[in-house]
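Please look through the sequence and the model below before reading on. The notes that follow are meant to be read with the structure open beside them.

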Amino acid sequence: MVILTVRHFTGGTEKLALLDKGIQLPLAVALMVALYMMMQMAKDNLHSMSAFETMASVTAICADKTGTLTLNQMVVTEFWVGTEQTTATTAIDHDVVRLLRQGAGLNTTGSVYWPDNVSPPEISGSSTEKEVLSWAVARLGMDAATFRKSGEVLYVEALNAAKKHSRAKIKDKATGAVVGHWKGAAEVVLANCSMYVDIHGAAREVGVKQRNKFENVINGMALGGLKCIALAYKKSNENGVGLPATGVPRRLSC
């Protein structure tokens, strides 16, 4: 069971300077939204002022119960392989790392672009996709351009809130084998797993004891305000037999 947890960044207190000066939260949010729209319009070279007229008509702004403002950015804070939490990828079997790279780097609608050998990578996609890709590059040592050449993406479905998972069908160019990958809400993925892979690459059965442990880990992370994402896979032959066209199948390995 591979579980990633991500946390939203607030950007620090300097981002909330308006609140420190006694300006109420709704007004602060309105000012920030208006400033963001101005920046976007300048960036896109637009000259329409209808957006500002709309903002002037706003009478109510809804915020969450804490009023927290975030930068819409996340970072992976915990990483579990099987029943073990790990921080060093050197302790993980090479084949497991390869599966993780496939699940993160190929089962995605995001992308990683390296402008040169000095600048950091430019990563696109949703907040979740971007952070999983960032984690794969930084923690798994994934060279996105080289790694994409090692496998052919036969199909990929974007991660969405309704289905709570994404999926992809990958053909390994070295072996010709087709592997299905699923990524999504940990509780959804876990419900369809009958096996898990430990850090040594051994496949083990998800028994009652192991399932309870996974559920306790997931619930503990959720109580801590973390978003839990799990990766799972299912191997097939070169024709992809055994991989369903839709949904999350039973008897996955996670």
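Predicted model: local features only at pLDDT ≥ 70, side-chain atom pairs only at ≥ 80, totals over all residues.

Residues are numbered from 1 along each chain as its sequence is written, and side-chain values use heavy atoms, with hydrogens and water left out. Helices (H or I, at least four residues) and strands (E, at least two) are DSSP runs, numbered from the N terminus. A residue is called buried when its relative accessible area is under 20%, exposed when it is over 50%, and partly exposed in between, using a 1.4 Å probe and protein chains only.

**Aromatic pairs**

- Rings of Phe, Tyr and Trp (its six-membered ring) pair if their centres lie within 6.5 Å, and planes under 30 degrees apart count as stacked, over 60 as edge-to-face and the rest as tilted.
- A search of the whole structure finds 2 aromatic pairs.
- In the pair of Phe79 and Trp135, the ring centres are 4.9 Å apart and the planes stand at 75°, so this pair is edge-to-face.
- Because Phe79 lies in strand 2 (residues 74-81) and Trp135 in helix 5 (residues 127-139), the pair ties together parts that are 56 residues apart in sequence.
- Phe79 counts as buried at 2% relative accessibility, and Trp135 is buried with a relative accessible area of 2%.
- Tyr196 and Phe214 form an edge-to-face pair, with 5.5 Å from centre to centre and 85° between the planes.
- Since Tyr196 lies in strand 9 (residues 193-197) and Phe214 in helix 8 (residues 208-223), this pair ties together parts that are 18 residues apart in sequence.
- Both Tyr196 and Phe214 are buried.

**Cysteines**

- A disulfide is a covalent bond between the sulfur atoms of two cysteines.
- With a disulfide taken as a pair of cysteine sulfur atoms within 2.5 Å, the count comes to 0 disulfides.
- Cys193 is buried, with a relative accessible area of 3%, and Cys228 counts as buried at 10% relative accessibility.

- The expected span of a helix is 1.5 Å times one less than its number of residues.
- Helix 8 has 16 residues and reaches 22 Å from its first C-alpha to its last, close to the 22 Å expected.
- Phe214, Val217, Ile218 and Met221 of helix 8 are buried, and they cover an arc of only 95° around the axis (taken from the directions from the helix axis to the C-beta atoms), which puts them on the same side of helix 8.
- On the other side of helix 8, Val208, Lys209, Asn216 and Leu223 are exposed.
- Helix 8 is followed by Gly225, whose phi is positive, near 80°.
- The 13 residues of helix 5 should span 18 Å, which agrees with the 18 Å between its end C-alpha atoms.
- The buried residues of helix 5 include Ser127, Leu133 and Trp135.
- Just after helix 5, Gly141 takes a positive phi of about 65°.
- Gly103 has its place in helix 4 and counts as buried at 4% relative accessibility.
- The C-alpha atoms of Gly103 and Arg167 are separated by 8.9 Å, although these residues are 64 residues apart along the chain.
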